[in-house]
Amino acid sequence: MSPERDRPSSPPQPPAASGVAPVRFGNVFEETMAHLLQQIRLGQYPPGGKLPPERELAASLRVSRTSLREALSHLQTAGFVSIRRGRYGGTYVSDPPPAIDSRVTALPDRAEVEDVLTIRGIVEPAAARLAAEQQPTGESADHLWAAHLALRDVSVEQYRPLDSRLHLMIADLSGAPSVAKVVADVRSRVNTLLDCIPLLQPNLVHSCDQHEAIVRAILNGEAQQAHDLMVDHLDGSAALLRGFLGSST
């Protein structure tokens, strides 16, 4: 099926009354993961220690028990916690904690992480706003929509390059070559950081939903909406990076 056929001729707008709030809700997984990782790294939940009961922990994080279980499940997969059953069951912090990535010899320091996240939080929302002001049509619009759709069907291993392609395409559509150049440079630095942390399927699903909202806003010429949605999208990645790499605001 062609991109033109997949993309509605007039893409439906995100519900006007919802604003950015639903996308913020989509970041619950990332923010829950980031908070738990930060508490583990700060020693509130020390190696070998047991986390609070699920009901208590969910209440303290102000998330549903379903969201908490999802986050804990992926922390278990990543090797940060173990979940035990039986009389002495519960969630325990791994001892010792895992290395972030065996391919990484030196993790970036907090200042480097924050520098990258700060500049990214400035230039990518601006690029999304400018792209929406241009309101691409024709082949440009079709290619943007196709780039979004491509991310729906790829494996976890294929996701990051295609994710980069979509973000760089949005920057190119800004009509400002200097902005596009800065976004490309920042994206290269971001990918170096992202290589330090595991790819998590729920995060990729949320990202795809956010991408769709951003692309629709751009195609509809909704500059402020495109900007705000991109801000929220980047917040999710930033939360995971800060959680896994031990940086905090």
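Tutor: A residue counts as buried when its relative accessible area is under 20%, and as exposed when that area is over 50%. The model discussed here is predicted.

Student: With that cut-off in hand, how many of the 19 residues of H10 are buried?

Tutor: Helix H10 covers residues 201–219, and Gly221, whose phi is positive, near 75°, follows H10. The helix is described as mostly covered, and the number of its 19 residues that are buried is 15.

Student: Is His167 buried or exposed?

Tutor: His167 is found in helix H8, which runs over residues 156–172. Its relative accessibility is 2%, which is why His167 counts as buried.

Student: Which residue's side chain makes a polar contact with the side chain of His167?

Tutor: Not counting residues up to four places away in sequence, His167 touches Arg120, Glu124, Val183, Arg187, His211, Met230, His233 and Leu234. From this list, the residue whose side chain makes a polar contact with that of His167, at 2.6 Å, is Glu124.

Student: Which backbone oxygen lies 2.6 Å from a polar atom of the side chain of Ser174?

Tutor: Ser174 lies in the loop between H8 and H9, and it is classed as buried because its relative accessible area is 2%. Leaving aside neighbours within four places in sequence, Ser174 is in contact with Ala127, Leu130, Ala131, Gln134 and Val179. The backbone oxygen at 2.6 Å from a polar atom of the Ser174 side chain belongs to Ala171.

Student: What distance separates the C-alpha atoms of Ala150 and Leu162?

Tutor: Ala150 is found in helix H7, residues 138–150, and its relative accessible area of 23% is why it is partly exposed. When neighbours within four places in sequence are left aside, Ala150 is in contact with Leu162 and Arg165. Although Ala150 and Leu162 are twelve residues apart along the chain, the separation of their C-alpha atoms is 7.5 Å.

Student: How much space lies in the largest cavity?

Tutor: The structure holds one cavity of 30 Å³ or more. The space in the largest cavity is about 190 Å³.

Student: Which elements give two or more residues to the lining of that largest cavity?

Tutor: The lining has 19 residues, of which the closest to the centre of the cavity are Arg160, Leu194, Leu199, Asn203 and Ser237. By class, the lining holds nine nonpolar, six polar and four charged residues. The elements that each give two or more residues to this lining are H8, H9 (177–194), H10 and H11 (223–245).

Conventions
Residues are numbered from 1 along each chain as its sequence is written. This is a predicted model: local features need pLDDT of at least 70, side-chain atom pairs count only at pLDDT 80 or more; totals for chains, interfaces and linings use all residues. Side-chain values use heavy atoms; hydrogens and water are left out. Helices (H or I, at least four residues) and strands (E, at least two) are DSSP runs, numbered from the N terminus. Buried means under 20% relative accessible area, exposed over 50%, partly exposed in between (1.4 Å probe, protein chains only). A polar contact is a pair of N or O atoms within 3.5 Å; within protein, one must be able to donate a hydrogen and the other to accept it, and residues adjacent in sequence count only if both atoms are side-chain atoms. Contact means heavy atoms within 4.5 Å. The expected span of a helix is 1.5 Å times one less than its number of residues. On a 1 Å grid over the protein atoms alone, a cavity is a set of points where a 1.4 Å probe fits but cannot get out, and a pocket is an open set with protein on both sides within 12 Å along at least five of seven lines; lining residues have an atom within 4 Å of a point. Grid points are joined across faces, edges and corners, and a volume is the space filled by probe spheres set on the points. Ala, Val, Leu, Ile, Met, Phe, Trp, Tyr, Cys and Pro count as nonpolar, Asp, Glu, Lys and Arg as charged, and the others, Gly among them, as polar.
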